[in-house]
Amino acid sequence: MMFEEEINQIVRNLKPSGIRKFFDIAATRKGVVSLGVGEPDFITPWHIREAAIYAIEKGRTFYTGNKGLPALRKGICDYYRRRFGISFDPEENAIVTVGGSEAIDIVLRTLLKPGDEVILPTPAYVAYAAIIEMAEGKVVEVELKEEDRFKLTPEVLEKAVTARTKAIILNFPGNPTGGIMTHDDYAKIVPILKKHHIFAVTDEIYAELTYEGKHSSIAEFDEIRDQTIVINGFSKAYSMTGYRVGYILAHKDLISMILKIHQYTIMCATTPSQYAAIEAVNNGDNDIAEMALSFKQRRNYIVKELNRIGLKTHMPEGAFYVFPSIKVTGLSSEEFCEKLLDEENLALVPGNAFGQAGEGYVRISYAYSLDEIKIAISRLESFLKNHG
Amino acid sequence: MNKELLLLLENNARYEVRDLASLLNEDETLVEKAIKDLEARNVIAGYHTIINWDKADTEISKAIIFVNCVPERESGYDKVAEKIARYPEVDSLYLISGKAEFMLQVNGKNMREVSNFVAHKLAPTEGVSGTETMFILKEYKLNGKELLDEREDGERLLVTP
């Protein structure tokens, strides 16, 4: 490889995403059925698309203020109050970002000094560990266990805390497990975060895809409110992944620091996308309800089918993933997925792509039509017969 | 369960009971019973296929017709509506607000057939005082389904995080 020595060692040592490898193999094959996608299958509701088109038509294509359009920040804060009962001030507490991804990056870069530890409950979305490492932080993985329904317990958290612990990443409902945390679940870990003054970085991108009861945010706890940073966005709730609009809600003194990185690296989120997001956040509650109901039904369907074909699967309470154990087959996650692709032309994502804690599991997305899910299930069934 | 069940069936009447039960996380026999009950109570009034006749190379003529009518003592508009609704040519019939009392859709094999129906059956109906017929030239959306061919949806990647 060229420039081996010149390239920043941190970047050189970053592991390429295990998902990327799978994508490359799957892309070379014909007739692949995939349950491997991490985005909703709905086309963005028309009134939201139309708002983006209208913005472009009207020439609303200049930079916006760094923090994002005031109407969008107000819409977001109204939304958090309306949907989750949590108040933020649009002027002081909010920044609009280029998707949740940018938000994760600039929040962690703002918080971390070299060597600071970040507790990362795994299996976790692939970007967290890489971003922590790029910010020269140290990833401290704690394992979310299937028997705990992939919730974070105080016992597991307490053991991971050291004098250097700066922050914890919370992602509930979570990718890849679909696990959630209720208010009572959070109540057990909040005292630990308060005692050790650990920042709670809570990525709530799947908040609206909570199927039993209402989404709970750790920002509900006033005693740690100042050290809580909410990350959310429009991708999953409104099926707006390609628009790249996310946001950060946090204490004003954190926001003013985070804003420095945002203004120098990004300037502002894409303007027409921001206008689309205004339409979504103000007039999209019905879309959310409709899409969430459809995901819930498909979740019910796939869990029942997976159990029927012999893959013991518990009913996840959020997101659009199930994360069943494949240990009965005696195969590793990667072997399982490689053979499945090879023999049955079905693409799933190996659990270990989400950290070592995911070994022995696979991630199955149900953001697909019922017909696609049926074909996938029959392929998986035939695979399990040959490897049972 | 009923509302969720109805919404599913409204969108796709061909779901198998087994699939409906899985989607709703309910017992199959319960779902079957619920459907039977909804049918018996006429909540589910029928099952219907959305057909793009244009593409089927079958000539068919449809018209929207506004009908003015005089209400009858005691029965109001219902008696007249019942009489109009009985004609098989009438596909749908609504009592509406605005300049007319009824709006109906009439289907026929061709324009002549629809015209004959209006002239010889609908207009002379007792209580009907006037009609205004608008022939449908092209259908863009039927029962919630877009019929346009040029529509193109984006494609998702095969595998993403």
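**Chain B, overall**

I began with contact range: in chain B, 53% of the contacts with a separation of 6 or more are between residues 24 or more positions apart. Two residues are in contact here if their C-beta atoms, placed from the backbone, lie within 7 Å.

A note on the ground rules: this is a predicted model, where local features need pLDDT of at least 70 and side-chain atom pairs count only at pLDDT 80 or more, while totals for chains, interfaces and linings use all residues. Residues are numbered from 1 along each chain as its sequence is written, and chains are lettered from A and ligands numbered from 1 in the order in which they are written.

Next I looked up the elements of chain B and found five helices and six strands. Helices (H or I, at least four residues) and strands (E, at least two) are DSSP runs, numbered from the N terminus. Their order from the N terminus is α-α-α-β-α-β-β-α-β-β-β.

Then I checked the dimensions. Chain B has a radius of gyration of 21 Å, whereas a compact globule of 161 residues would have one near 15 Å. That radius is taken over C-alpha atoms, and the globule rule is 2.2 Å times the number of residues to the power 0.38. Along the principal axes, the C-alpha atoms of chain B fill a box of roughly 65 × 40 × 30 Å.

What share of the 161 residues in chain B is buried? I get 14%. Buried stands for 20 or more other C-beta atoms within 10 Å of a residue's own, exposed for 12 or fewer, and partly exposed for anything in between, with C-beta atoms placed from the backbone.

**Cores**

The largest nonpolar core has 126 residues, and Val107(A), Ile168(A), Ala200(A), Val201(A), Ile229(A) and Ile248(A) have the most contacts inside it. Such a core is a set of buried Ala, Val, Leu, Ile, Met, Phe, Trp, Tyr and Cys residues joined through C-beta atoms within 7 Å. I picked Ile248(A) to follow up: beyond its neighbours within four places in sequence, its contacts include Ile95(A), Val107(A), Ile229(A) and Ile258(A). A second, separate core has 13 residues, among them Ala63(B), Cys69(B), Phe102(B) and Leu104(B).

**Where the chains meet**

I count 23 residues of chain A in contact with 12 residues of chain B. On the side of chain A that touches chain B, helix H2 (18–27) and helix H11 (285–308) are the elements that give two or more residues. By class, that side has 14 nonpolar, six polar and three charged residues. For the classes, Ala, Val, Leu, Ile, Met, Phe, Trp, Tyr, Cys and Pro count as nonpolar, Asp, Glu, Lys and Arg as charged, and the others, Gly among them, as polar.

H11(A) and helix H2 (residues 17–24) of chain B have axes 6 Å apart and pack at an angle of about 110 degrees. Axes are lines fitted to C-alpha atoms, for helices over the stretch in contact, and angles run from 0 to 180 degrees between N-to-C directions. H11(A) is therefore roughly perpendicular to H2(B). On the angle scale, under 35 degrees is roughly parallel, over 145 roughly antiparallel, 65 to 115 roughly perpendicular and the rest oblique. Gln297(A), Asn300(A), Tyr301(A), Lys304(A) and Glu305(A) of H11(A) meet Ser22(B), Leu23(B) and Leu24(B) of H2(B). These residues divide into three nonpolar, three polar and two charged.

Leaving out residues up to four places away in sequence, Val32(A) touches Ala26(A), Asn345(A), Ala347(A) and Leu158(B). Val32(A) counts as partly exposed because it has 17 C-beta neighbours inside 10 Å.

Most residues other than glycine have a negative phi, and most peptide bonds are trans. I looked for exceptions.

- The bond joining Thr122(A) and Pro123(A) is cis, with omega about 5 degrees.
- The bond from Phe172(A) to Pro173(A) is cis too, with omega near -10 degrees.
- Asp57(B) has a positive phi, near 55 degrees, and counts as exposed because it has 6 C-beta neighbours inside 10 Å.
- Asn143(B) has a positive phi near 45 degrees and sits in the loop between strand E5 (141–142) and strand E6 (145–146) of chain B.
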